[in-house]
Amino acid sequence: MDLKIGQIQEACGGKLALQKGVCPEQKVNGVTLDSRQITNGEVFVAVGGNRVDGHKFVMQAFARGASLVVTEKTPKQVEEEHGVSAEAWGSYLLVENSLQALKDMAEFYRKTLRIPFVGITGSVGKTSTKEFIAAVLGEKYSVLKTEGNYNNEIGVPLTLLRIRREHQAAVVEMGISDFGEMHRLSKMVRPDICVITNIGQCHLENLGSRDGILKAKSEIFDFMAEDGAVCLYGGDDKLRTIRQVKGKRPCFFGLGESRQEEAYATDIAGCGLWGSNALLHLKRGDGEETIRIHIPLPGRHMVINAAGAACVGMLLGLTKEEIREGVGKAAAVNGRSRLLRLKHYTLIDDCYNANPVSMRAAIDLLSMADTGKTAILGDMFELGENSDALHSETGAYAALAGIDRIYCVGENSLHMYRAALKTAKENQRVLYFRDRNQLFDALSGKKEAADRPLIPWGDTILLKASHGMKFSELIEKCFLVGEISVGNNA
């Protein structure tokens, strides 16, 4: 990492106190908020909080080799609050707000980098599209991409500060829940290429409507490079209203819905849960290239994500062969349509987050299975005043899709359950569980009649809910650790 202690002070302001033998020209090796992850020469940013105050771990950071601590409390204050000796501190930078200092540091560092940055946002599909883009660009460049859920005002700066000299391109996922957040993220990332996957129904409590979501997501253009490019999904009615960004027409991708796409897929042939084959069309200049591709992740939405990656690949000069190879190497991320072959079941792990659009996409994916189908669906959060109706629509959708077993979990999902029960046919089974623990008891066989398994062996199981429902714990407890035999009829 090519960043010096003096530059950190330049970026963040504040009062710098250096230990004897340390000078402002000393380089740092990285930045972290977790004292347990400190390695020699890194910067520890101590963040105050209601649950955990990072200043409590300043001594651990120094003991592990931190070259600098960014703090919003003086050593004397930390000594009084946490008993950490003020005399034992190493070099530190005292600032007004540690989180703002982290963002300032990332913004400063980003301005020193001369590689293409791809910023990705949208209501659904951000992470999968990010994986496709990174896989495609990886055929030509050494790529740094967002890891895990590092897509907010803490994760984005930490992602930027992970970029090293060997990286030749960066793919940064940018997630928001309110107005102004994307503006601040764009100020740090300063994308050369902006990708918006769609405008769906999420974070409606804060953003109000799809028009509000479009406005908030469009803040990604605020700090886009003057000669930058925009890639939008052409099948989205809201995104099609964007005619120009900084005097340039956006590039579109999709399935040929708008007939204006620079990258679009046709002749899609599904391979069930194991992906799709398609003909990809790429418009360059006055000509058009076509290539046969295999999309290794299932669902129509994954074909769209692959077309988005192809659009970015074209803008960055990749050949059609490189694009084909990269698309074929994309892999699912935990919690996002990840397929797991287990001893008794096939599991669709899509429990990282949920909104009405992604719920329908996940149900469509489950309906492709050639086995029995079980949907375990939980609450969707931040849907505003229409939450009850949106949950009801999801329940009815699952029943109409012909899902054999629909299990609804959580307070909000009571509306999902009632609509599914009302819509379902006699051969469909619909159950309600008030919370994750009650469902776990049922999956464990504690509440289930022995002659009627909750989930028969051989089923394909979808788990989908908002992140706060913690369905990942169900996957861990019920399926990945010894896989309980909830379908055993013996």
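**Figure 1. The largest cavity has a volume of about 40 Å³.** This view comes from a predicted model, in which local features need pLDDT of at least 70, side-chain atom pairs count only at pLDDT 80 or more, and totals for chains, interfaces and linings use all residues. Residues are numbered from 1 along each chain as its sequence is written, and side-chain values use heavy atoms, with hydrogens and water left out. On a 1 Å grid over the protein atoms alone, a cavity is a set of points where a 1.4 Å probe fits but cannot get out; lining residues have an atom within 4 Å of a point. Grid points are joined across faces, edges and corners, and a volume is the space filled by probe spheres set on the points. The count comes to one cavity of 30 Å³ or more. Arg436, Asn437, Phe440, Glu473, Leu474 and Lys477 line the largest cavity. Helices α15 (436-443) and α16 (471-480) each give at least two residues to this lining. By class, the lining has two nonpolar, one polar and three charged residues. Here Ala, Val, Leu, Ile, Met, Phe, Trp, Tyr, Cys and Pro count as nonpolar, Asp, Glu, Lys and Arg as charged, and the others, Gly among them, as polar.

**Figure 2. The second largest pocket holds about 410 Å³ of space.** It has 14 lining residues, and Leu33, Asp34, Arg36, Val52 and Gly54 are the closest to its centre. A pocket is an open set of points with protein on both sides within 12 Å along at least five of seven lines. Nine residues of the lining are nonpolar, three are polar and two are charged.

**Figure 3. Helix α14 (residues 413-423) has buried residues.** They are Ser413, Met416, Tyr417, Ala419 and Ala420. Buried means under 20% relative accessible area, exposed over 50%, and partly exposed in between (1.4 Å probe, protein chains only). The cover over these residues includes α12 (356-367), β19 (373-378), α13 (387-400), β20 (405-409) and β21 (429-433). Helices (H or I, at least four residues) and strands (E, at least two) are DSSP runs, numbered from the N terminus.

**Figure 4. Arg110 is buried, whereas Arg243 is exposed.** Arg110 sits in helix α4 (residues 98-111). Its relative accessible area is 8%. Contact means heavy atoms within 4.5 Å. Leaving aside neighbours within four places in sequence, Arg110 is in contact with Phe117, Leu160, Met188, Val189, Arg190 and Asp192. Arg243 lies in the loop between β12 (229-233) and β13 (251-254). The relative accessible area of Arg243 is 61%. Not counting residues up to four places away in sequence, Arg243 touches Lys248, Arg249 and Pro250.

**Figure 5. Arg190 has a positive phi, and Asp267 has a positive phi too.** Phi of Arg190 is about 45°, although Arg190 is not a glycine. Arg190 is in the loop between α7 (181-189) and β11 (193-196). Its relative accessibility is 22%, so Arg190 counts as partly exposed. Phi of Asp267 is near 50°, in a residue other than glycine. Strand β14 (residues 263-270) holds Asp267. Asp267 is partly exposed, at 48% relative accessible area.
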